[in-house]
Amino acid sequence: MTTGTTSEQLPIALRTEALEQLLTERGLLDPATMDGIITTYETSVGPLNGAKVVARAWTDPEYRSRLLEDGTAAIKELGFSGPQGEHIVVVENTPATHHVVVCTLCSCYPWPVLGLPPSWYKDPAYRSRVVKEPRTVLREMGLDLDGSVQITVHDSTSEVRWLVLPERPTGTEDLSEEELVPLVTRDSMVGVAKVAAP
Ligand code: FE
């Protein structure tokens, strides 16, 4: 599941493994079920779901309103729901306001729309620094925001998962919903990137 383990992550990986083994031994956890869930979210569910939500919101103003009002329900309209997506709140990026998502405690993430979180999202450095110095962290990740842009950092928890509705890039006015979908990246829906025009 992980792509390369750093020495910093190793104790957590070992602890996780020990915990999984203990729960399995006590009959509290079925490893086959665990593997099934992980495979599903690695291969079948991913950021493409979120991209469909964003493209719909960009092309259907009424859907956009519903999405910002009740993210969970509007996302379910497109057929996406399930574990770690019981309460999704959607926030909209504009030229003046930028939203970025983190889980300071662990790696809470809206699985039904984004799949499993990338390793940088779980990195202790990202989790602690993006709260204290979001502008610097975003710049390091390649997103240089103007000083006038207000940045809001949202802390995902087990209760609330956040999804960013990125800005529709200029020059895409003539594109259809289907043509917009492939432009929407995972990082833009976490708020660490913008969507680029084709
Ligand atoms: Fe978490």
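What follows is a conversation about the metal site, the aromatic rings and the domains of this predicted model.

Modeller: Residues are numbered from 1 along each chain as its sequence is written, and side-chain values use heavy atoms, with hydrogens and water left out. Because the model is predicted, local features need pLDDT of at least 70 and side-chain atom pairs count only at pLDDT 80 or more, whereas totals for chains, interfaces and linings use all residues.

Biologist: What makes Cys103, Cys106 and Cys108 donors of the iron ion?

Modeller: Donors are N, O and S atoms within 2.8 Å of the metal (3.2 Å for Na, K and Ca), and since water is not among the atoms, sites may look incomplete. The SG atoms of Cys103 and Cys106, together with N and SG of Cys108, lie 2.1 to 2.7 Å from the iron ion, so they qualify. Along the chain the donors follow the spacing C-x2-C-x1-C.

Biologist: How do you know whether Cys103 and Cys108 are buried or exposed?

Modeller: Buried means under 20% relative accessible area, exposed over 50% and partly exposed in between (1.4 Å probe, protein chains only). Cys103 has 0% and is therefore buried, and Cys108, with 10%, is therefore buried as well.

Biologist: Why is the pair of Trp120 and Tyr121 called edge-to-face, and what is the pair of Tyr121 and Tyr126 called?

Modeller: Rings of Phe, Tyr and Trp (its six-membered ring) pair if their centres lie within 6.5 Å, and planes under 30 degrees apart count as stacked, over 60 as edge-to-face and the rest as tilted. Trp120 and Tyr121 are 6.2 Å apart, centre to centre, with 70° between the planes, so the pair is edge-to-face. For Tyr121 and Tyr126 the centres are 6.1 Å apart and the planes are at 35°, so this pair is tilted. Tyr109, Trp120, Tyr121 and Tyr126 form one aromatic cluster, in which Tyr121 is buried, with a relative accessible area of 0%.

Biologist: Which parts are called domain 1 and domain 2?

Modeller: By an automatic or database domain assignment, the protein chain is divided into domain 1 (11-42) and domain 2 (48-190). Their centres, taken over C-alpha atoms, are separated by 28 Å.
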